[in-house]
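Biologist: I am new to this structure and would like to learn how to read it, one feature at a time. Could we look at it together?

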Amino acid sequence: MNKKGFIFDLDGVIVDTAKYHYLAWKDLADSLGIGFSEKQNEQLKGVSRVLSLQKILEWGDMKISDEKFEALMAQKNKEYLDHISHMNETEILPDVSRVLSFLKSANQPISLGSASKNARAILEKVNLFDSFNAIVDGTNVTKGKPNPEVFLVAAKELEMEPTKCIVFEDAVAGVQAANSAGMISIGIGKTEVLFEADYVFSDFTEMSNEFIEELINK
Ligand code: BG6
Ligand code: MG
């Protein structure tokens with residue numbers, strides 16, 4: 001029986017929380033008088049909280065004290081937590097549950113590979129915590145995407161060689177991390193943005209069980 005390790009990013013792949021990260025960063029940037037475009041927002045996807053704030057401050061050409069930096073990160077996370085506080089199963093993105101069930105029925109090991117320190121709480125809220133054989137998130141790694149650490153740790157947890165792992169990602173930084181890890185990268189989103197991925201689907205409704213079977217048997 002063929003086996004592959006399937007690694008899912010969380011925000012923007014399993015749940016539509018990418019929009020909440022965006023709203024919280026946008027409010028914070030507005031309060032500092034720094035604007036950022038949709039294109040710049042793509043650079044924040046998949047990127048850790050610290051690095052995201054560093055980027056925004058760079059865009060605004062702004063230097064602040066360490067204390068202020070910590071306070072702004074807390075402010076952003078507070079707004080983000082407000083946004084996610086009412087989340088439930090209805091916010092699981094279309095066909096994610098079908099793909100997870102298919103992989104489970106095919107006995108394929110599944111891991112989460114997220115940069116977020118809020119990942120476990122979100123999985124609990126949407127009732128998917130038990131759908132994963134391993135969970136690796138921002139609390140388990142020191143180097144953020146595009147560094148491959150999060151996916152390499154996930155592969156290790158699943159006891160799978162990196163070359164036998166497949167990553168689902170909505171972020172440029174995440175696709176780059178999967179590629180650096182030597183894994184197959186599957187972009188979920190727009191081809192123009194995720195052109196570095198091995199395959200791109202606009203969402204899971206476009207991905208057939210036959211395609212997943214091909215990946216397993218590759
Ligand atoms: C990633 C998101 O999954 O997690 C980023 O795409 C976010 O937008 C990062 O900055 C860190 O998340 P958190 O919840 O630890 O601030
Ligand atoms: Mg993401």
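**Reading the sheet, the ligand and the backbone**

Modeller: Strand β5 (residues 184–188) pairs with β6 in the parallel sense over three bridges, where two strands pair if DSSP finds at least two bridges between them, and helices (H or I, at least four residues) and strands (E, at least two) are DSSP runs numbered from the N terminus. Within this pairing, Ile 186 stands opposite Tyr 199 in β6. This is a predicted model, in which local features need pLDDT of at least 70 and side-chain atom pairs count only at pLDDT 80 or more, while totals for chains, interfaces and linings use all residues. Residues are numbered from 1 along each chain as its sequence is written, chains are lettered from A and ligands numbered from 1 in the order in which they are written, and side-chain values use heavy atoms, leaving out hydrogens and water.

Biologist: In what order do the six strands form the open sheet?

Modeller: Strands of a sheet pair through backbone hydrogen bonds, either parallel or antiparallel. Here the order is β3-β2-β1-β4-β5-β6, with parallel pairing, and the edge strands, each pairing on one side only, are β3 (134–136) and β6 (199–201).

Biologist: Which residues come nearest to ligand 1?

Modeller: A residue is near a molecule if one of its heavy atoms lies within 4 Å of it. Of the 14 residues around ligand 1, those that come nearest are Asp 11, Arg 49, Ser 116, Lys 117 and Asn 118. For polar contacts, which are pairs of N or O atoms within 3.5 Å, an oxygen atom of ligand 1 is 2.6 Å from an N or O atom in the side chain of Ser 116, and an oxygen atom of the ligand is 2.7 Å from an N or O atom in the side chain of Asn 118. Taken alone, ligand 1 exposes 390 Å², of which the protein buries 97%, with accessible areas from the Shrake-Rupley method and a 1.4 Å probe.

Biologist: Where are Asp 61 and Pro 146 found?

Modeller: Most residues other than glycine have a negative phi, and most peptide bonds are trans. Asp 61, in the loop between α3 (49–59) and α4 (66–84), has a positive phi of about 55° although it is not a glycine. Pro 146 has its place in the loop between β3 and α7 (149–158), and a cis peptide bond with omega of about 15° joins Lys 145 and Pro 146.

Technical notes: A polar contact is a pair of N or O atoms within 3.5 Å; within protein, one must be able to donate a hydrogen and the other to accept it, and residues adjacent in sequence count only if both atoms are side-chain atoms.
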